[in-house]
Amino acid sequence: KNSKMAIFASFIFLIFFLGLVISGLNYKNRILGEKSAYMVVIERDKTDNGYKLTLKGKIGASCLNTKDFYDIGDILYIKGTFIDIDSNHIPLLFDYQKYCKYQGIYTKIIDPVISKQGNKFVISKIQYTFFNYYENNFSSISASYLKALVLGDKSTLDEETLNNINSLGISHLFVVSGLHVS
């Protein structure tokens, strides 16, 4: 009876070990291949090396890093290699793949060749325009309050101000609602 149990335990261990080996072989991103698409810039973030663009098109939403400046609403013709966004391989750390899926982004583009084809109106351009206007025309404190009240962006408010807002009971003024541009 003990030998049958030892054989069964060895068999389970072998299956578990093979599963680890096979999953380790699939560690690389799935390459979806060379594609070309017309995509619209819906978000732009400044990075140390240039810009991170979030793009939307008929093939879905993607992200790419570029040194070139593109404005929100720019229509880009992109040819490049589309790959899945890598999943988190270390438990309990930030999972970039889940974050991107929550944002509706499923692929990233590497080695892109980009040509600007035009510009169109996108709703996120309104928020971006207000954000830049406040940054460039008001003091940093005033800009922080305006961004929080009009856009619902509390990220630039300091911790003390946030605590004061909560203790005064006026946090409902800073919640994104129909009165905010978002």
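**Strand β4**

I began with strand β4 and found 8 of its 11 residues buried, so the rest of the structure largely encloses β4. Buried here means under 20% relative accessible area, exposed means over 50%, and partly exposed lies in between (1.4 Å probe, protein chains only). Helices (H or I, at least four residues) and strands (E, at least two) are DSSP runs, numbered from the N terminus.

I noted what I was working with. This is a predicted model, in which local features need pLDDT of at least 70 and side-chain atom pairs count only at pLDDT 80 or more, while totals for chains, interfaces and linings use all residues. Residues are numbered from 1 along each chain as its sequence is written, and side-chain values use heavy atoms, with hydrogens and water left out.

I then looked for the partner of β4. Strand β5 (residues 105-119) runs antiparallel to β4, and 10 bridges join them. Two strands pair if DSSP finds at least two bridges between them. T81 stands opposite I110 in β5.

**G80 and D111**

I picked G80, which sits in β4 (residues 74-84). G80 counts as buried because its relative accessibility is 0%. What is G80 in contact with, leaving aside its neighbours within four places in sequence? I listed G33, E34, K35, I109, I110, D111 and P112. Contact means heavy atoms within 4.5 Å. I also checked the C-alpha distance from G80 to P112: they are 4.3 Å apart in space and 32 residues apart in sequence.

D111 lies in strand β5. Is D111 buried or exposed? D111 has a relative accessible area of 64%, so it is exposed. Its phi is near 50°, a positive value in a residue other than glycine.

**Strands β2 and β3**

I moved to strand β2 (residues 50-57). Here 6 of the 8 residues are buried, so β2 is largely enclosed by the rest of the structure. β2 runs antiparallel to strand β3 (residues 60-66), with 7 bridges joining the two. A hairpin of 2 residues connects β2 to β3. I looked up L55 and found that its bridge partner in β3 is S62.

**Helices α3 and α4**

How do helix α3 (residues 124-137) and helix α4 (residues 140-151) cross? Their axes come within 9 Å and cross at roughly 160°. That makes α3 roughly antiparallel to α4. On the α3 side the contact is made by Q127, F130, F131, Y134 and E135. On the α4 side I noted A143, L146, K147, V150 and L151. Axes are lines fitted to C-alpha atoms, for helices over the stretch in contact, and angles run from 0 to 180 degrees between N-to-C directions. Angles under 35 degrees count as roughly parallel, over 145 as roughly antiparallel, 65 to 115 as roughly perpendicular and the rest as oblique.

**Ends of α5**

I checked both ends of helix α5 (residues 159-168). At its start, a side-chain oxygen of D158 reaches to within 3.1 Å of the backbone nitrogen of E160. Just after α5, G169 takes a positive phi of about 80°.

**Whole chain**

I finished with the totals. The chain has 5 helices and 5 strands. Along the sequence they follow the pattern α-β-β-β-β-α-β-α-α-α. Of the 182 residues in the chain, 27% are buried.

How values were computed. Polar contact = N/O pair within 3.5 Å; in protein donor to acceptor, adjacent residues only side chain to side chain.
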